[in-house]
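Please open the structure in your viewer and keep the selection tool at hand. The tour moves from one selection to the next, with a short account of what is there at each stop.

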Amino acid sequence: MKDRTTFDRMFNEWYAQFVYFAYYFISDVEVCKDIVSDAFEYLWRNYDKIEEATAKTYLYTIIRTRCIDYLRKQNIHEEYVEFASRLTNKIIESGSQQTDIRISQIRKAMEKLTPYNCHILEACYIHNKKYKEVAEELNVSVAAIHKNIVKALRILREELGRKGNRDGL
């Protein structure tokens, strides 16, 4: 090609036609404009190597190829999103099932506690009360609450340890 004037003429004459051509593949005008602009940029960078007589055919080929590449990437992206979504659902289901099993094991182990120990444990760990609050409610010392918590946790560890070994956990 001879000069910038020739390139500008081709750009002005062909740009809209190429956007329409790209729209045949991709139904997004902005994406089509980007692809066509990139193709013209490529033509400009390789300006010295391309003859004016073949430039239009060359641009059609570049635009078609880039449209197909774009669609492949979109398809891969959609497949990845679908795969990630399915994987996430499986992980959530699996984690949820394991959590449900663990909660069930903890509840069963809590049945081994005395009602008094169970009440203290629930107050401190489920209702997030301070040892001092629970001690005041039950009219006992903070040391007594601490002692009962230690005892309750020891029983739970023993029970859950047995179940963990038995269940292969």
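A residue is called buried when its relative accessible area is under 20%, exposed when that value is over 50%, and partly exposed in between. Keep in mind throughout that this is a predicted model.

With those cut-offs in hand, begin by selecting Glu159, which lies in helix H6, the helix spanning residues 142-167. Is Glu159 buried or exposed? Its relative accessible area is 12%, and because buried means under 20%, Glu159 counts as buried. If you then display the surroundings of Glu159, leaving aside residues up to four places away in sequence, you will find that Glu159 touches Ala109 and Lys112.

The next stops concern charged side chains. Side chains of opposite charge can pair when their charged atoms come close. In this model the count comes to 8 salt bridges, and the tour visits some of the residues that take part.

Select Arg4 and Asp8 next, both of which lie in helix H1 (residues 4-25), where they are 4 residues apart, or about one turn of the helix. Their side chains meet in a salt bridge, with a distance of 3.7 Å from N to O. Arg4 is exposed, at a relative accessible area of 52%, whereas Asp8, at 31%, is partly exposed.

Move on to helix H2 (residues 29-45) and select Glu41 together with Arg45, which are 4 residues apart in that helix, about one turn. Arg45 forms a salt bridge with Glu41, and the closest N and O atoms of the pair are 3.7 Å apart. As for accessibility, Arg45 counts as exposed at 54%, while Glu41 counts as partly exposed at 41%.

Asp69 is partly exposed at 32% relative accessibility, and Arg72 is exposed, with a relative accessible area of 51%.

Terms used. Residues numbered from 1 in each chain as written. Predicted model: local features only at pLDDT ≥ 70, side-chain atom pairs only at ≥ 80, totals over all residues. Heavy atoms only, no water. Salt bridge = Lys/Arg side-chain N within 4 Å of Asp/Glu carboxyl O. Helix = DSSP H or I, 4+ residues; strand = E, 2+ residues; numbered from the N terminus. Buried < 20%, exposed > 50% of the residue type's maximum accessible area, 1.4 Å probe, protein only. Contact = heavy atoms within 4.5 Å.
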